[in-house]
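Subject: Structure for your review

Dear colleague,

Please find below the sequence and structure that I am handing over to you. My findings follow directly after it.

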Amino acid sequence: MQFGRYYEEFEVGAVYKHWPGKTVTEYDDHLFCLITMNHHPLHLDAHYAEETTDFGKNVVVGNYIYSLLLGMSVPDVSGKAIANLEIESLRHVAPTFHGDTIYGETTVLDKTESKSKDDRGVVHVETIGYKQDGTVVCIFRRKVMVPKRSYGEARGGEQPGRPEPVRKQ
């Protein structure tokens, strides 16, 4: 199973459809809110959301959706990354509710070889997240420093740092 890509494997215009999707539960949303200390009642208080908002129900916190999509993209985009350099933009364009299933896909916008080190480059990508009905909910662009194949081979290949089992006689 491939985990991330080397610089040479990225092609401008390529689209990676991340699989599987993730159905967002009330538990997921509330746990993320509580871990990150976001106690806004729009996310945690069903009565408040029903009585005082245009949505009429709790809205999933946007940073959870962004984090979910970022994580979904790791096997296809940044699994071999040296560094995430920049989140250029992040837009939440539609609400997500408990029970919605989120899917994501990433498009390669550009790639540039490093000028200072010949074993890496920067890949510029856009990830979109959408619900089960196709409604786009989140769009973000980022730049990721990824190694060239020579970098990976010098550090152990496809599974760097993986130990070998010691078998007892």
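The notes below go from the whole chain to its individual elements and residues.

This is a predicted model, in which local features need pLDDT of at least 70 and side-chain atom pairs count only at pLDDT 80 or more, while totals for chains, interfaces and linings use all residues. Residues are numbered from 1 along each chain as its sequence is written, and side-chain values use heavy atoms, with hydrogens and water left out.

**The chain as a whole**

The protein chain contains five helices and five strands; helices (H or I, at least four residues) and strands (E, at least two) are DSSP runs, numbered from the N terminus. Their order from the N terminus is β-α-α-α-α-β-β-β-β-α. The C-alpha trace spans about 60 × 50 × 30 Å along its principal axes. Of the 169 residues in the chain, 39% are buried; buried means under 20% relative accessible area, exposed over 50%, and partly exposed in between, with a 1.4 Å probe and protein chains only. Among contacts (heavy atoms within 4.5 Å) with a separation of 6 or more, 72% join residues 24 or more positions apart. The accessible surface is about 10000 Å², and carbon and sulfur atoms account for 52% of that surface. Accessible areas come from the Shrake-Rupley method with a 1.4 Å probe, and for residues only the protein chains shown count as cover.

**Helix H4 and the cores**

Helix H4 covers residues 62–78. Its buried residues include Gly62, Tyr64, Ile65, Leu68, Leu69 and Met72. The buried residues of H4 pack against E1, H1, E2, E3, strand E4 (120–131) and E5. At Met72 the helix has a kink of about 40°, shortly before the proline Pro75; the bend at a residue is the angle between axes fitted to the seven residues ending there and the seven starting there.

A nonpolar core is a set of buried Ala, Val, Leu, Ile, Met, Phe, Trp, Tyr and Cys residues joined through side-chain atoms within 4.5 Å. The largest such core has 15 residues, of which Val24, Tyr64, Ile65, Leu68, Leu69, Ile102 and Cys138 touch the most other members. H1, H4 and strand E5 (136–147) each give two or more residues to this core, and H4 gives the most, with six. A second, separate core has ten residues, including Tyr16, Val77, Val108 and Val123. Leaving aside neighbours within four places in sequence, Tyr64 is in contact with Lys22, Val24, Asp28 and Phe32.

**Helix H1 and what follows it**

In helix H1 (residues 26–35), the buried residues are Asp28, Asp29, His30, Phe32 and Cys33. They pack against strand E1 (15–23), helix H2 (41–44) and helix H4. Leu31, also found in H1, is partly exposed, with a relative accessible area of 36%. On the surface, Tyr27, Leu31 and Ile35 form a nonpolar patch with about 350 Å² of accessible area together.

Met37 lies in the loop between H1 and H2. Its phi is positive, about 60°, although Met37 is not a glycine. Met37 is exposed, with a relative accessible area of 65%.

**Other local points**

The peptide bond from Trp19 to Pro20 is cis, with omega near 0°, and Pro20 lies in strand E1.

Gly56 is in the loop between helix H3 (46–52) and H4, and is partly exposed at 31% relative accessible area. Apart from neighbours within four places in sequence, Gly56 is in contact with Ala49 and Glu50.

Asp119, in the loop between E3 and E4, is buried, with a relative accessible area of 15%. Not counting residues up to four places away in sequence, Asp119 touches Pro147, Lys148, Ser150, Tyr151 and Arg155.

Ala94 lies in the loop between strand E2 (83–92) and strand E3 (101–113). With the same exclusion of residues up to four places away, Ala94 touches Thr135, Val136 and Val137.

Yours sincerely

Definitions and conventions: Patch = residues over 30% accessible without salt bridge, like charges linked within 9 Å, V, L, I, M, F, W, Y side chains within 5 Å. Salt bridge = Lys/Arg side-chain N within 4 Å of Asp/Glu carboxyl O.
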